[in-house]
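We will go from stop to stop, picking residues and looking at what surrounds them.

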Amino acid sequence: MLRHHVTKAGCQDLLDLLQMLLPENSLPSTNYLFNRAFDKTSWQLHHYCLNPDCGAYIGILDVESALCPMCDTECKVSEHLGKGYYFMYSSLRDEIKNLFENHNLKDKLALNNNSDCIQDVCDGALYKRITMLKGCSNISLTWNTDGVPVFNSSSYSMWPVQCIINEVTLSEQKNFVLVPALWFGQTKPKMESFLKPFIEDCRLLESEGVVCLRTHEGMIQDAELASVNSPVNGVKGPSLLTTLQCFDMADSFVPDYLHSVLLGVVRQVTGLWFDNKVSEVNVKSPSVMQEIDKRLKSVRPPSEITRLPRSVKERQKWKGMKRQKMEEMHLHEVISGAERGDVCKLIEGTYWLQRHMINAPPSPTIADIKTKWPYLFIQRHIYGHFEQLTDKKVHRCLELSIQECGQIINEFFKSKPTDDDIRSILSRAENDVDAMVIQLLLAHFKEK
Ligand SMILES: [Zn+2]
């Protein structure tokens, strides 16, 4: 793969091709399984005693040599590696964790069949006796190991430990085969040695299970326990979004540049430097401040970037100042100032400040927002705000709809006025058809 620079897609195609030619299940079926099978980092070499009468498990050797705990034979790593007195093991726990985290194992688990009909392992009496397996995402393994001859003419054989997950639906089972241990040699493995790390992992899995990264279910559980003042694992409480069936609370949120970098790391770091809250890291020296300002102002961004870097002294103030400026303008010029170019620019430039206030807990009242952002309630600015938020040009959509249907609606009400309000609007005979259409519709649906 490496030598020929085979791409991921190329590798998958090759696997598909070989899959067609070879007996079923002789190759890992997906790129992921293929990489796992040949990923050297996940395999560890476990040594066993080279004394043929002993063969006891020794473990992972990170020293040159060790004594066998059972028979005191000296075991040298180099000799072991040369003659193959080791087997390979890859953590079953990590593998299962990975399947849950990255391969939607949870979604592939079949629902328990509660009838008496026996269809697979999960319907058997022994299985039903294991109370732990009644939990919704607990799983059990069916595993086996047997020798596979490798070469026709020699006695070498390979002993893989193979596991399937009983709870995975039959159609998916072949995609979730695990091979945690692999023995290669001229003799049969001594089971007590070969199975030791595997059984140890199974025991840990039985008692502790695996802890997976943030999942949708986990976040919902945290949300139930949390409140704004005592978050659980960073979750502050329930969210409306959980009512959406297809929205995954863990994966559907995309960390974006604006919030993660600009309003996240950058804001935090500059806050630490300049806000004087943590004295150890606060930048006090005026000459350092001057230097920072000098460097900031010397940045010459390309013309697409309309906002030039500003002095750190203005850091906190400038957006707030813009807001205040608009509030003052509104006091003097009232609503007539709304269409002025500078108001438009100010409104655009403070979009994030507007979002910040609207979304701040506890939610502000409309009256609050109106006092702080009087110009936001002007048609063109509220449309602009909505467009930036949703990427929908409400105003344009409305115009197009009126162009398309306005005349028809008008004609309809003229021929069949549905009530007195409609008649009175029609009698005014305004020139502005657009405005009339909206008034007619509002009157007809009794909206004010
Ligand atoms: Zn020994």
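Does Asn-104 count as buried or exposed? Select Asn-104 and find out: with 11 C-beta neighbours inside 10 Å, it counts as exposed. The cut-offs are 20 or more other C-beta atoms within 10 Å of a residue's own for buried, 12 or fewer for exposed, and partly exposed in between, with C-beta atoms placed from the backbone.

Before moving on, a word on what you are looking at. This is a predicted model, in which local features need pLDDT of at least 70 and side-chain atom pairs count only at pLDDT 80 or more, while totals for chains, interfaces and linings use all residues. Residues are numbered from 1 along each chain as its sequence is written.

**Stop 1: two loop residues**

Stay on Asn-104, in the loop between α4 and α5. Helices (H or I, at least four residues) and strands (E, at least two) are DSSP runs, numbered from the N terminus. Most residues other than glycine have a negative phi. Asn-104 has a positive phi of about 50 degrees although it is not a glycine.

Now select Asp-72, in the loop between β3 (65–67) and β4 (74–76). Phi of Asp-72 is also positive, near 65 degrees. Asp-72 counts as exposed because it has 10 C-beta neighbours inside 10 Å.

**Stop 2: helix α4 and its cover**

Next, select residues 92–102, which form helix α4. Which residues of α4 are buried? They are Leu-92, Ile-96 and Leu-99. Look down the axis of α4: these buried residues fall within an arc of 55 degrees, so they line one face of the helix. The arc is taken over the directions from the helix axis to the C-beta atoms. The cover over the buried residues of α4 includes α5 (105–108), β9 (178–185) and α9.

Axes here are lines fitted to C-alpha atoms, for helices over the stretch in contact, and angles run from 0 to 180 degrees between N-to-C directions. The two helices, α4 and α9, are therefore oblique to each other. Angles under 35 degrees count as roughly parallel, over 145 as roughly antiparallel, 65 to 115 as roughly perpendicular and the rest as oblique.

To see the contact, show Leu-92, Arg-93 and Ile-96 of α4 with Phe-198, Asp-201, Cys-202, Leu-204 and Leu-205 of α9. Contact requires C-beta atoms, placed from the backbone, to lie within 7 Å.

**Stop 3: α20 and two partners**

Move to helix α20 (residues 433–444) and show helix α19 (residues 420–428) beside it; their axes come within 9 Å and cross at roughly 165 degrees. That makes α19 and α20 roughly antiparallel to each other. Asp-421, Ile-422 and Ile-425 in α19 meet Met-436, Gln-439, Leu-440, Ala-443 and His-444 in α20.

Finally, bring in helix α18 (residues 394–415), which packs with α20 at an angle of about 60 degrees, with their axes 9 Å apart. This pair, α18 and α20, is therefore oblique. On the α18 side, select Ile-402, Gly-406, Ile-409, Asn-410 and Phe-413; among the residues they meet in α20 are Met-436 and Leu-440. Met-436 and Leu-440 are also among the α20 residues that meet α19.

Technical notes:
Contact = placed C-beta atoms within 7 Å.
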